[in-house]
Amino acid sequence: MDISDVYCEALTKENAYLMDAVLDELGIDPKRLRGFLEHPQNLAFIAKYHDEACGFIYGYSLMSLTAAPQLFVYSVDVLSLFQNSGIGSKLFQYVVDYSKENGYSECFVITDKGNKRACRVYEKAGGKNDFEDEIVYVINLRTLR
């Protein structure tokens with residue numbers, strides 16, 4: 001596969017249908033993406049190989065009181081048929097470039113240190129984790145009583 005044949009773009013409500021096959025493989029109802037994109041702070045991006053969707057990133061524009069907005073990448077997915085081909089790297093770099101071009105102060109993503117492949121993708125795009133003591137707390141509100 002020639003990675004130069006992969007095209008990346010931001011999704012809108014109007015072109016969200018491009019993701020239907022990917023969402024189907026991920027077990028996500030396409031209506032959820034359309035509803036997600038109704039909110040201007042929600043962002044989604046697609047990678048296409050010869051007009052076939054092969055990767056997907058979505059996240060959120062986070063406003064700040066002291067700086068330009070930040071782009072929080074919530075999920076990076078590449079269809080299994082296309083994994084290990086550079087698509088994740090190309091798509092993530094597209095999102096970083098999009099963030100720079102659209103005035104974001106930073107773009108960030110959370111992953112596990114054990115996810116070496118994801119860490120390489122993020123580091124290749126300029127990502128750094130300089131915090132040895134960084135911890136993320138998750139509070140599951142469905143189970144909190």
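Mentor: A residue lines a pocket if it has an atom within 4 Å of one of the pocket's grid points. Keep that cut-off in mind. The model is predicted.

Trainee: How many residues line the largest pocket, and which lie nearest its centre?

Mentor: The lining has 29 residues. F108, V109, G127, K128 and N129 lie nearest the centre. The volume is about 950 Å³.

Trainee: Now single residues. Why is N15 called buried?

Mentor: The limit for buried is under 20% relative accessible area. N15 has 12%, so N15 is buried. N15 sits in the loop between β1 (6–10) and α1 (20–26).

Trainee: What makes the pair of N15 and T12 a polar contact?

Mentor: The pair must be N or O atoms within 3.5 Å. A polar atom of the N15 side chain lies 2.6 Å from the backbone nitrogen of T12. That distance is within the cut-off, so the pair meets it.

Trainee: Which residues does N15 touch, leaving out those up to four places away in sequence?

Mentor: E9 and A10. Touching here means heavy atoms within 4.5 Å.

Trainee: Is S64 buried, exposed or partly exposed?

Mentor: Partly exposed. Its relative accessible area is 31%. Buried needs under 20% and exposed needs over 50%, so 31% falls in between. S64 is in the loop between β3 and β4.

Trainee: Which backbone nitrogens lie 3.1 Å and 3.2 Å from a polar atom of the S64 side chain?

Mentor: That of T66 lies at 3.1 Å. That of A67 lies at 3.2 Å. The cut-off is 3.5 Å, so both distances are within it.

Trainee: How far apart are S64 and K31 in space?

Mentor: They are 30 Å apart, C-alpha to C-alpha. In sequence they are 33 residues apart.

Trainee: Why is strand β3 called largely enclosed?

Mentor: β3 spans residues 52–62. Eight of its 11 residues are buried, so the rest of the structure largely encloses β3.

Trainee: How do you know that β3 pairs with β2 and with β4?

Mentor: Pairing takes at least two bridges. Eight bridges join β2 (residues 42–49) to β3, and eight join β3 to β4. Both counts meet the cut-off, so both are pairs. β2 and β3 run antiparallel, as do β3 and β4.

Trainee: Which residues stand opposite I46 and G59?

Mentor: I46 faces F56 in β3. G59 faces V73 in β4.

Trainee: What do β2 and β3 form, and what is the phi of H50?

Mentor: A hairpin, with two residues between the strands. H50, in the turn, has a positive phi of about 50°.

Definitions and conventions. Residues are numbered from 1 along each chain as its sequence is written. This is a predicted model: local features need pLDDT of at least 70, side-chain atom pairs count only at pLDDT 80 or more; totals for chains, interfaces and linings use all residues. Side-chain values use heavy atoms; hydrogens and water are left out. On a 1 Å grid over the protein atoms alone, a cavity is a set of points where a 1.4 Å probe fits but cannot get out, and a pocket is an open set with protein on both sides within 12 Å along at least five of seven lines; lining residues have an atom within 4 Å of a point. Grid points are joined across faces, edges and corners, and a volume is the space filled by probe spheres set on the points. Helices (H or I, at least four residues) and strands (E, at least two) are DSSP runs, numbered from the N terminus. Buried means under 20% relative accessible area, exposed over 50%, partly exposed in between (1.4 Å probe, protein chains only). A polar contact is a pair of N or O atoms within 3.5 Å; within protein, one must be able to donate a hydrogen and the other to accept it, and residues adjacent in sequence count only if both atoms are side-chain atoms.
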